[in-house]
Amino acid sequence: MKKDFHDIIILGAGLTGLILSLSLAKLGIRVCIIDKNDPNKTLADERTTAISKGSSNFLDDLKIWSEIKSKAQKIKKIFVSEGVSNNGISFDCKSVNSEAMGYIIENKILKKKLLSAIEKNSLITFIKMTEIKKIERTNSNLNIFKLISRDKVFQCNLLIGADGRYSKIRSENAFKYLYQDYGQIAYVFSIKHKEPHGSLALERFFPSGPLAILPMKKGRQNQSSVVWTLENNLSDISEENLKNLFEKKYSNYFGKLISMSTPVKYKLNLFSCYQDYKNGIILVGDASQAIHPIAGQGFNLGLRDVKILSEILAESKALGFKSSCELVHQKYSRKRKLDKFLLISSTHLLNKLFSINNKSLGFFRSLGLRLFNKSNFLKRNSILYAMGLKNF
């Protein structure tokens, strides 16, 4: 059986894995990506991704953003409310002197550009349509991994798991993690509405789950992407009934609903690893932490994993440390711990807070929203953190 050696192998060619490979290559590090799927078949993904300002800056450093920016819709304003109330929190990019707080882009546009950039990069080897059946580790001090597929053996010093929410690497290597089944599902679809969205993102909280309506760069600014969280007992609702229920929650915020695409549903849960490295394996993105979509920050959190890990591996290489060195992995984990904890905790608690249907609690939620909206300090710092431009 043929053997193929690489210093670093990334398992998983989702958005996070692809961007990690480009980030490492930019720093002069050779890397190999292995994925069981045909990447061209995944380009039919109709979902959208929210990209924070900080993430767009990082993609710009990789020479990616300049080529897709024209196809990304700016988010200039965000309005957060409880239910269909007109009282809530208003965020505006002008308050932080920015052209946008973030962007919405179709997954297929971003992925197509990433695949094109990888194909042109001589430092990246992309092994497609290859499923790893078994992972072994040598007993020597070299800490070399053997990844065995049906007809080939790949070897590496460092193995990075970027294989998503239901990570095979995480489960097979017994990473300990917190798991929470939210008892909710997310319906994802797009809508066309009569009035333009004006670059505004709408987030409405209901006891059954949050409803996010995100502006898209299509038509005459009259199309939006929807991520709608509902309880599991509505997972088998007919498309017609779902549309009727949505219209009540939407309440013609951007004018009359003209059309709605076929909804795709996803089960919602939380995976949060207690340690994102173990025995020479590092987890990034959803493989390390898969969070609730309530704030649209999952992708951006994963990109911060990518940025910090790339910088640490480049620095350790310059100092003569091997990529398999545990001290390197420990440094990565330390630098990511607080950011991950804050975002995972806040999304988890925010979803729980607004899911409780209680009049007394509802009064305090409403009061809290009004007080928050009056505090320029809280709003400014919240915007900067959500934009990925401020750390705590």
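Biologist: What should I know about numbering and confidence before reading the values?

Modeller: Residues are numbered from 1 along each chain as its sequence is written, and side-chain values use heavy atoms, with hydrogens and water left out. Because the model is predicted, local features need pLDDT of at least 70 and side-chain atom pairs count only at pLDDT 80 or more, while totals for chains, interfaces and linings use all residues.

Biologist: Which residues touch the most other members of the largest nonpolar core?

Modeller: A nonpolar core is a set of buried Ala, Val, Leu, Ile, Met, Phe, Trp, Tyr and Cys residues joined through side-chain atoms within 4.5 Å, where buried means under 20% relative accessible area, exposed over 50% and partly exposed in between, with a 1.4 Å probe and protein chains only. In the largest core, which has 49 residues, the members touching the most others are Ile19, Ile64 and Leu110.

Biologist: How many residues does the second, separate core hold?

Modeller: This core includes Ile191, Val226, Tyr250 and Phe254. Its total is 19 residues.

Biologist: Are α1 and α7 roughly parallel or roughly antiparallel?

Modeller: Helices (H or I, at least four residues) and strands (E, at least two) are DSSP runs, numbered from the N terminus, and axes are lines fitted to C-alpha atoms, for helices over the stretch in contact, with angles from 0 to 180 degrees between N-to-C directions. The axes of α1 and α7 lie 10 Å apart, and the helices pack at an angle of about 25 degrees. Angles under 35 degrees count as roughly parallel, over 145 as roughly antiparallel, 65 to 115 as roughly perpendicular and the rest as oblique, so α1 and α7 are roughly parallel.

Biologist: Which residues of α7 meet α1?

Modeller: Contact means heavy atoms within 4.5 Å. From α1, the residues taking part are Leu15, Thr16, Ile19, Leu20, Ser23 and Leu24. Their partners in α7 are Phe299, Gly302, Leu303, Val306, Leu309, Ser310 and Leu313.

Biologist: Is Ser199 buried or exposed?

Modeller: Ser199 sits in the loop between β12 (177-193) and β13 (200-206), and although it is not a glycine, it has a positive phi of about 65 degrees. Its relative accessible area is 5%, so Ser199 counts as buried.

Biologist: How far is the C-alpha atom of Ala295 from that of Pro210?

Modeller: Ala295 belongs to the loop between β20 (289-290) and α7 (298-318), and at 39% relative accessibility it is partly exposed. Ala295 and Pro210 are 85 residues apart along the chain, yet their C-alpha atoms are separated by 9.5 Å.
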